[in-house]
Amino acid sequence: MYIIMLGAPGTGKGTIGKILSEDMKLTHISTGDIFREQINKKTELGKKIENYIENGLLVPDDVVIETVEARLLEDDVKNGAILDGFPRTVAQAQALKEFLSENNPNQKRIAIELNVPDDEIIKRIVNRVTCSNKECGAIYNLDTRPPKVAGICDICGSELRKRKDDNEETVRKRLEVYHLNSKDLLEFYKNNNALYSICPKQLEEAVKSIKEYLNRRK
Ligand code: AMP
């Protein structure tokens with residue numbers, strides 16, 4: 001199964017996606033994580049996309065699609081994956097549909113929309129810190145879910161970092177970009193009869209509800 005996590009930045013796609021990934025034994029693919037790694041490694045791709053990300057803009061479709069398609073050909077995702085942060089435009093959704101129809105037609109595709117009001121998102125994102133250990137990637141909120149020791153991950157002991165684009169000005173830009181594309185994107189999945197929308201107030205409850213929906217769709 002391919003589970004497509006839709007929703008604005010800060011709605012919990014990463015947190016919920018990681019829980020589902022462990023529970024369902026499906027690889028979690030975050031395009032944002034892939035891009036940040038390329039930027040840290042200063043690769044050609046990293047240099048090409050850095051400015052878009054720092055300014056809260058979308059990386060061009062052709063670059064994103066090429067990156068994701070290459071990732072989806074790897075062995076660990078032959079039975080499906082959790083896609084977090086992709087697709088973000090109808091062009092990306094269409095490309096994904098065509099790619100999977102060709103390469104893995106028997107796996108179901110289901111989109112989950114996480115819907116959270118913008119003012120709540122801004123509060124969440126400016127307080128968000130993430131574990132710097134790529135294998136862990138735990139996400140904390142300094143206000144509502146702080147680490148036990150400041151700056152240190154509870155799970156693996158690595159340093160916690162704040163993302164460069166997690167400041168109020170960039171978040172507002174990212175939300176604007178999200179709302180510009182989201183209506184058509186959600187419509188795309190609604191028309192494909194593969195959309196489940198939820199307003200996640202409480203993490204455990206949201207995960208339970210999503211899992212029940214996925215079980216019904218199996
Ligand atoms: P995220 O970690 O999902 O919030 O993504 C961080 C940033 O990476 C976004 O603000 C975009 O600049 C870029 N990005 C990630 N995924 C995509 C995508 N599917 N399409 C275009 N840009 C993306």
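I began with the largest cavity, and its volume comes out at about 40 Å³. My search of the whole structure turned up one cavity of 30 Å³ or more. For my own record: on a 1 Å grid over the protein atoms alone, a cavity is a set of points where a 1.4 Å probe fits but cannot get out, and lining residues have an atom within 4 Å of a point. Grid points are joined across faces, edges and corners, and a volume is the space filled by probe spheres set on the points.

This is a predicted model, where local features need pLDDT of at least 70, side-chain atom pairs count only at pLDDT 80 or more, and totals for chains, interfaces and linings use all residues. Residues are numbered from 1 along each chain as its sequence is written, and side-chain values use heavy atoms, with hydrogens and water left out.

Back to the cavity. I listed its lining as Ile65, Val68, Glu69, Leu72, Phe86, Ala95, Leu96 and Phe99. Helix 4 (61-72) gives the largest share of that lining, four residues, and helix 5 also supplies at least two. Helices here are DSSP runs of H or I with at least four residues, strands are runs of E with at least two, and both are numbered from the N terminus. By class I get seven nonpolar, no polar and one charged. The classes: Ala, Val, Leu, Ile, Met, Phe, Trp, Tyr, Cys and Pro count as nonpolar, Asp, Glu, Lys and Arg as charged, and the others, Gly among them, as polar.

Phe86 came up again when I checked the peptide bonds. A cis bond joins phenylalanine 86 and proline 87, with omega about 0°. Proline 87 sits in the loop between strand 3 (81-84) and helix 5.

Next, the second largest pocket, with about 190 Å³ of space. A pocket, unlike a cavity, is an open set with protein on both sides within 12 Å along at least five of seven lines. Which helix gives the largest share of this lining? Helix 5 does, with three residues. Helix 5 (90-103) and helix 7 (168-191) each put in at least two. Among the lining residues I noted Ala93, Leu96, Lys97, Phe188, Tyr189 and Arg217. The pocket lining splits into six nonpolar, two polar and four charged residues.

Then the ligand. I count 16 residues around it, and Thr31, Leu57, Gly85, Arg88 and Gln92 come nearest; near means a heavy atom within 4 Å. Helix 2 (residues 31-40) gives the most to this shell, with four residues. The shell holds seven nonpolar, four polar and five charged residues.

I looked up polar contacts too, meaning pairs of N or O atoms within 3.5 Å. A polar backbone atom of leucine 57 is 2.6 Å from a ligand oxygen. A polar side-chain atom of arginine 88 lies 2.9 Å from a ligand nitrogen, and an N or O atom in the side chain of arginine 36 is 3.0 Å from a ligand oxygen. The protein covers 96% of the 480 Å² of accessible area that the ligand has on its own, by the Shrake-Rupley method with a 1.4 Å probe.

Three strands form an open, antiparallel sheet in the order 6-5-7, where pairing needs at least two DSSP bridges. Strand 6 (139-141) and strand 7 (160-161) are the edges, each pairing on one side only. Strand 5 (residues 128-131) meets strand 6 over three bridges, and arginine 128 stands opposite asparagine 141.

Definitions and conventions: A polar contact is a pair of N or O atoms within 3.5 Å; within protein, one must be able to donate a hydrogen and the other to accept it, and residues adjacent in sequence count only if both atoms are side-chain atoms.
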